[in-house]
Amino acid sequence: MSISSDKGVSLEKEVAKMLQKKLGARVARDSRSGAGPHHKTDIKDYFQDTPLDIECKNHQTIKIKEWFRQAVAGASISRIPTVVFTSDDEVLATVRFSDLVDLVAETQQHRVEIKRLKEPVLMTGAGEIITSADIKAGPSRNEWTECRGGNMVSPGEKKCLVKTCTVCQNKKVKKVKK
């Protein structure tokens with residue numbers, strides 16, 4: 001193997017490893033990368049764990065247009081052609097802007113759905129679903145008082161509702177003379 005092909009192989013392995021680690025994608029470097037007359041991508045993604053068809057380039061001279069044409073030619077239908085390349089010791093990627101916007105929009109939709117799923121949902125005895133927007137706030141904490149035994153007494157009550165309270169249990173509250 002030449003030095004230039006070694007550079008390409010190392011970038012392909014690095015990209016595959018990053019996709020595996022960050023996304024849990026079942027991808028690998030295509031060992032036939034660059035061989036034969038047919039167009040294909042450098043990263044195998046048989047299970048389509050990512051929406052990307054990736055072409056890797058590790059060259060001194062950057063030729064984005066040429067590389068992107070190659071990525072488009074090798075990409076499958078409904079997959080996003082992507083060029084991953086190195087520049088100044090940094091790994092960068094090129095995709096169509098419309099594909100990037102679609103990915104961001106899809107991510108935002110998922111975030112909204114996750115937020116909705118995290119909200120508490122209650123069901124009444126009649127089977128009606130109550131969301132957090134339907135729940136009204138109760139009395140504030142400062143409206144609560146303490147009984148002589150130190151237990152909390154809800155607003156409007158004369159004694160605490162703790163059955164084990166030795167101070168309030170079975171004792172009548174003295175009426176205040178006016």
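What share of the contacts with a separation of 6 or more in the protein chain comes from residues 24 or more positions apart? In this predicted model, such residues account for 33% of those contacts.

The aromatic side chains were examined next. A pair of aromatic rings is described by the distance of the centres and the angle of the planes. The structure contains one aromatic pair, which is formed by W67 and F85, with 5.9 Å from centre to centre and 50° between the planes. Because planes under 30 degrees apart count as stacked and those over 60 as edge-to-face, with the rest as tilted, the arrangement of W67 and F85 is classed as tilted. The pair links distant parts of the chain, since W67 belongs to helix α2, which spans residues 64–74, whereas F85 belongs to strand β4, which spans residues 80–87; the two residues are 18 residues apart. Both W67 and F85 are buried.

A further ring is involved in an arrangement with a charged side chain, in that R26 lies over the face of F47, at 4.0 Å from the ring centre.

Notes. Residues are numbered from 1 along each chain as its sequence is written. This is a predicted model: local features need pLDDT of at least 70, side-chain atom pairs count only at pLDDT 80 or more; totals for chains, interfaces and linings use all residues. Side-chain values use heavy atoms; hydrogens and water are left out. Rings of Phe, Tyr and Trp (its six-membered ring) pair if their centres lie within 6.5 Å; planes under 30 degrees apart count as stacked, over 60 as edge-to-face and the rest as tilted. Helices (H or I, at least four residues) and strands (E, at least two) are DSSP runs, numbered from the N terminus. Buried means under 20% relative accessible area, exposed over 50%, partly exposed in between (1.4 Å probe, protein chains only). A charge sits over a ring if NZ of Lys or CZ of Arg is within 6 Å of the ring centre and within 35 degrees of the ring normal. Contact means heavy atoms within 4.5 Å.
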